[in-house]
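Hi,

Here is the structure I promised to pass on to you. Have a look at it first, and then read on for my notes.

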Amino acid sequence: MELRDYIRILRKSWVLIVLITLVGTGLAAAYSLTLTPKYSATAKVFVSTQGTGSTSELQQGSTFTIQRVKTYSSLVTTPIVLLPVIGKLELGIASDQLASRVTASAVMDTSIIDITVMDTDPVRAAETANAISQSLTAVVGEIEAPAAVDAVSPVKLTRAQEATVPSVPVSPNVPLNLVLGTLIGLALGVGLAVLRETLETRVRNERDVEGLTQVPILGGIVFDPRARDRPLIVHVDPRSPRAESFRTLRTNLQFLDVGRTDRSFVVTSSIESEGKSTTGANLAIALADAGSRVLLIDADLRRPKVAEYMGVEGAVGLTDLLIGRAELDDLIQPWGKAQLFVLPAGQIPPNPSELLGSARMSHFIGEFNRMFDVVIYDTPPLLPVTDAAILAKNVGGAIIVVAAGRTHKNQLKGAISALDNVGAPISGLVLTMLPTKGPDAYGYGRYGYGYGYGYGYGDEVANASGAKPVRRGRRGKNGKDRI
């Protein structure tokens with residue numbers, strides 16, 4: 001993954017990352033509140049040698065003292081030192097329990113021992129530290145006392161600093177815990193976002209498609225929540241950005257398969273509900289608006305939709321033509337003012353694959369190519385049935401519609417393999433249902449298009465400029481204008 005991939009993941013999953021970071025911070029705060037505050041008090045003991053002598057003797061005494069400091073530090077947590085303290089302060093605990101609260105340390109090359117006591121009671125912490133320093137002084141005096149009568153111990157321990165009652169607890173360290181909780185939450189959030197992206201099996205954007213296949217992407221159609229209410233967006237709202245995306249698709253389609261004399265394409269998808277029928281219908285309208293003579297054929301003989309979308313009679317159609325029950329001229333229906341014609345599916349047959357792969361269908365494919373500039377075939381999905389693959393081989397070109405956020409990567413691979421297995425050429429891919437916001441958005445901003453460029457819905461653009469809205473006649477289902 002490149003740096004821009006991580007940036008895209010952060011933009012895409014920032015809500016998850018922020019949420020987990022806040023959870024980490026909240027857990028750290030809750031943990032800090034549940035802990036009992038502990039206070040620390042420190043007493044200092046100075047170790048020295050007694051007696052006078054030459055400079056050499058003083059030097060030797062200093063070296064001896066530094067060496068003994070480490071030994072005395074170890075004595076601090078022993079029962080011989082702690083038991084008198086427990087009895088004096090009436091702590092009511094064992095020596096090993098008190099030892100767990102006491103820490104003795106000596107700074108390197110010094111003769112000072114730091115005795116630190118941790119306790120939930122600040123007063124008791126200071127009293128215990130002072131009592132331990134006194135007990136250590138007495139114990140060392142007894143241990144180091146010479147055997148001779150009236151002899152003076154060569155080592156002397158003096159309390160250099162008494163422990164004072166602390167006012168601020170040293171534990172829990174709330175600011176530190178909050179920082180650590182926030183950092184851990186942030187790391188977990190980023191890790192989960194990257195893991196989710198790595199394990200993502202759906203096609204989300206163009207980069208996902210480019211990572212799966214070398215088949216060119218002809219264009220992208222943004223998601224429209226009102227697509228069910230207005231499937232023919234090029235006809236209903238030709239100035240909308242979504243309608244413009246179909247015109248972009250039309251332009252890109254003109255540069256495909258330059259060597260092919262026949263401009264016919266099978267529009268299919270991996271699974272159902274990916275927008276193949278609306279894509280084929282809007283593409284046919286856009287091609288007809290550009291001056292081409294276009295035939296839109298509903299070759300989905302299982303769940304036909306073209307007649308419903310185009311508002312034409314669908315009782316008879318391609319099925320009747322293939323079984324010889326009707327003539328071609330009687331079945332093709334003109335649509336709209338441009339040179340767009342529609343051939344519905346007709347009755348649903350029991351053997352769609354056999355009809356689409358028949359010699360009679362191959363004959364009419366040639367007839368369609370001779371009569372029209374562009375022929376668009378709407379077919380069933382590739383994975384459930386073989387209809388589209390059989391027809392695409394005879395037609396000579398297939399356009400696979402891929403729904404962003406719905407189609408899985410293995411489903412797209414399976415659809416491409418289904419066409420490759422029968423030797424059907426793939427002209428390109430069309431991404432549908434692309435988000436309009438976020439890092440996976442397919443926006444016109446990168447191409448210079450948008451509402452500010454003059455594409456908008458209804459009269460919003462006109463109203464923004466102060467011009468009077470233009471009233472347009474609405475077209476009926478058959479494409480004829482009506483007021």
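What share of the contacts in the protein with a separation of 6 or more comes from residues 24 or more positions apart? The figure is 77%, where a contact means heavy atoms within 4.5 Å.

Before the details, please keep in mind that this is a predicted model, in which local features need pLDDT of at least 70 and side-chain atom pairs count only at pLDDT 80 or more, while totals for chains, interfaces and linings use all residues. Residues are numbered from 1 along each chain as its sequence is written, and side-chain values use heavy atoms, with hydrogens and water left out.

The overall picture: the protein has 19 helices and 14 strands, taken as DSSP runs numbered from the N terminus (helices H or I, at least four residues; strands E, at least two). Of its 483 residues, 45% are buried; buried means under 20% relative accessible area, exposed over 50% and partly exposed in between (1.4 Å probe, protein chains only). The accessible surface is about 25,000 Å², and carbon and sulfur atoms hold 56% of it; areas come from the Shrake-Rupley method with a 1.4 Å probe, and for residues only the protein chains shown count as cover.

L22 belongs to helix α2 (residues 14-34) and is exposed at 56% relative accessible area.

Helix α4 (residues 79-89) has V81, L82, V85 and I86 as its buried residues. They span an arc of only 125° around the axis, so they sit on the same side of α4; the arc is taken over directions from the helix axis to the C-beta atoms. G87 and K88 are exposed on the other side of α4. Just after this helix, E90 has a positive phi of about 55°.

Further along, D289 is in helix α11 (residues 276-289). Leaving aside neighbours within four places in sequence, D289 contacts V234 and A338. Its C-alpha atom is 9.8 Å from that of G336, 47 residues away along the chain.

Finally, F364, F368 and Y377 are linked into a cluster by ring pairs, which need ring centres within 6.5 Å.

Best wishes

Methods
Rings of Phe, Tyr and Trp (its six-membered ring) pair if their centres lie within 6.5 Å; planes under 30 degrees apart count as stacked, over 60 as edge-to-face and the rest as tilted.
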